[in-house]
Amino acid sequence: MRFVDEFRDADKAHALAAKIAELCEPGRQYKLMEVCGGHTHTIYKHGLEDYLPESITLVHGPGCPVCVIPMGRVDDAISLASEPGTIMTSFGDMMRVPGSKGSFFDAKAAGTDIRMVYSPLDSLKIARQNPDQRVVFMAIGFETTTPSTAMTVLRAAAEGLQNFSVFCNHVTIIPAIKAILDSPDLRLDGFIGPGHVSTVIGCRPYEFIARDYGKPVVVAGFEPLDILQSIYMLMVQLSEGRSEVENQYTRVVPWDGNLAALRAINQVMELRPYFEWRGLGFISHSAMRMRAEYAAFDAELLFEVPGVRVADPKACQCGEVLKGVLKPWECKVFGTACTPETPIGTCMVSPEGACAAYYNFGRLHRRRVVEVSIQ
Amino acid sequence: MTDGATWVDEALREHEQRERQERQAGPAASRQAATGPEREQQVLDRIDRARRRRPKIREERITMSHGSGGKATRTLVEAVFVDAFSNVLLEPLEDAAQLHLNGSRVALTTDSYVVSPLFFPGGDIGDLAVNGTVNDLAVSGATPLYLSAGFILEEGFAVADLTRIVASMKTAAETAGVQVVTGDTKVVQRGKADGCYINTAGIGVVEHDVSLGVANAQPGDAIIVSGPIGEHGVTIMLARGELDIEADIASDTAPLNGLIADLLSATTGVRALRDATRGGVATILNEVASSAGVGVQVNEDAIPVSAVVRGASELLGIDPMYVACEGRLVAVVAPEEASRALAAMRAHPLGTAAAVIGEVTAEPPGIVLLKTAFGGTRIVDLLVGDPLPRIC
Amino acid sequence: MCLGIPGEVIELLADQPDLARVDVSGVKRVINIGLLADDPPHPGEWVLIHVGFALSKIDEAEAATALQFLEGIGQAYADELAALQESRIE
């Protein structure tokens, strides 16, 4: 596959790994955070950590939009879906996220009409095909996905669809990164910057990280060589005492972002004054809602949403895992009460969650891994 | 604000109880608080114990996961069916039961077919119904002989479609050399049965002096796959038309008894055979690892996957190792016989692309490891959830 | 969720300016290219696809540069390894 296979070449990986190791100062430990859930997934899926020296630790960040959805919002969505004559549509990753009484999957088994879609446009299609039903799209995602929801609403408006609405849970990445930077628990040396979010927002929004916090940022692609190269670029900056924003993913990410996408978002949505993030608490100006002009497509206005806040179970340490303070296996319920089959928290349910990635892919003693990889 | 979820507290209490019981029953655990890699290993050990526990059904209702062929299916089978029917013939949970009847060794199997859509590139539900059951018999070392066919038809289903399906079954049976000798027909009201559901049961005679079973796998054994994986599952997904994807791909449904007969004649080193259906190759590898208490190590580079299956999988974010096939087998073969086995498979039209994809190892027991094309390592666990419902 | 995959644009749909047919390793799908309205893609160009939308064009020149860098590192590494081997033989 073009633009994919070339960036999965093992020989080049060994070369980069050697260069990275050379840049490590003896006796110094490095903590680099990859913000984006997609990066966490790639790192585990390809066994990338096997290439890094012991002195570099990758810390998994909160860039998994499924992981930050509070239980109460899942309950709200299920409540919407349960209204008679409603079809709820959602991405696959949301289907097993637990609410206080179960997930979409459980609700579906009990008879609620919840359907998995690949694109918000599929949801529109269902709305066109079922004019007597109200179709709701469970919109989740960072800025990567927000423009697609916005474009879908614009299409629905242009077609004059009366039975389509969006339950908007889109969140923005910068406030999450800022929450990490301001967190006293964490001392990070640099950031592997979000790849696809950056195709929309560009690289400029990260400048405050380098300027005000003195940490280097490298916007990274999603193939394993992209991530390794980004780590290399971070290490070069650290060894030269620089802190700048660099773009490794130049083949896809434009420095200024995608203006048409930003325009679409801006036309249809606006920032909420505050929004609750699972594990991170309330963050101001961190999430989107529909503008008043598009009220006809806002499920929160069209339906009665319970809006009850549900406290995270006391045993759940997703918040600390999301912030990178705890490694997945350091959570007390990891792998026992909380498994991919019986998830308690979102980090275990989402394919991009750090716990799911570690449980599904990385659950090995490092010694054994070294044995296998060296062969 | 309401208090968390009660189901969480219950789950935690239950786990704590079981942990306490195990600790009391087992050797005295170290009281020292470990740190770093030692602590990680302690956690991994605890998880291992949790995974070995007797499965329990937590859900109150059946969900689509229970039909995916992955973890939930296995839990359901073990906790409900095996628990109730418990007998030594059922316990191995191989693709067919091995029976002794008046001195003959007979294999018996059954499968139900609920695929949607009924007709797809490369075949239809009728082909699956015959080939699937023939294959379950063949991988058990049996020569498939007779099938039963039970139909559940929906009121309003077109007779022309039924005729078409039955014609496929007739051709498939002739190709496989089996006969449909008994059957049943039921009709249910419009809205149930999605057109047509079929159940087939099959019997065959085990003539070879072999005893096949995944529990026989030993460290050093080679793992061979008979051809490119994931073609059936991807074909079905695309045929559903919900994804608006077009591709040049067809189901790999085929009867494997000819290929298997050639293989078993060529070598006595075959320890186990399985056909890769729901849950894909990954599910079989996990069954080998857990039944035999061995490790399984496969190389991503060695696994045959067609460009189209790869492209569709990348597009949809699924892993071809979990995608169903309907005409591919996985063989566990003694290492000194691997080349002979491979040659025998490649000589047959259905096995031309057969490849050794990995081997059985002593460590880590019960775990399947994948050496990625990139050179790193990751685990391949049983499927959780159900990315591709109603595949077969 | 961050899932973005490169695909080649094969044709623009004449009656629907917002839509294009793309090919991903032999699999074809119609996607929405509305987010690239400022600089629409032409057949033969590659785009990054996410949930049925094209988010960005793939800049082939930049991809080539990225690969060149990796080749360079790879070659330097291979050279070093070769040098290491030779020095052992002595």
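Me: Leaving aside neighbours within four places in sequence, which residues is B:Ile224 in contact with?
Reply: Heads-up: this model is predicted, so to speak of local features takes pLDDT of at least 70 and side-chain atom pairs count only at pLDDT 80 or more, while totals for chains, interfaces and linings use all residues. Residues are numbered from 1 along each chain as its sequence is written, with chains lettered from A and ligands numbered from 1 in the order in which they are written. "In contact" means C-beta atoms, placed from the backbone, within 7 Å. Sequence neighbours within four places aside, the partners of B:Ile224 are B:Ala331, B:Val333, B:Ala341, B:Leu342, B:Met345, B:Ala354, B:Ala355, B:Val356 and B:Ile357.

Me: Which residues touch the most other members of the largest nonpolar core?
Reply: A core here is a set of buried Ala, Val, Leu, Ile, Met, Phe, Trp, Tyr and Cys residues joined through C-beta atoms within 7 Å. Buried means 20 or more other C-beta atoms within 10 Å, exposed 12 or fewer, partly exposed in between, with C-beta atoms placed from the backbone. Among this core's 255 residues, the top two are B:Ile224 and B:Val288.

Me: And which helix gives the most to this core?
Reply: Helices are DSSP runs (H or I, at least four residues), numbered from the N terminus. With nine residues, the top giver is α10 (residues 224-239) of chain A.

Me: Is B:Val82 buried, exposed or partly exposed?
Reply: B:Val82 sits in helix α3 (residues 71-85) of chain B. Because it has 16 C-beta neighbours inside 10 Å, B:Val82 counts as partly exposed.

Me: How many residues of chain B are in contact with chain A?
Reply: Chain A brings 53 residues to this meeting. On the chain B side, the number is 46.

Definitions and conventions:
Contact = placed C-beta atoms within 7 Å. Helix = DSSP H or I, 4+ residues; strand = E, 2+ residues; numbered from the N terminus.
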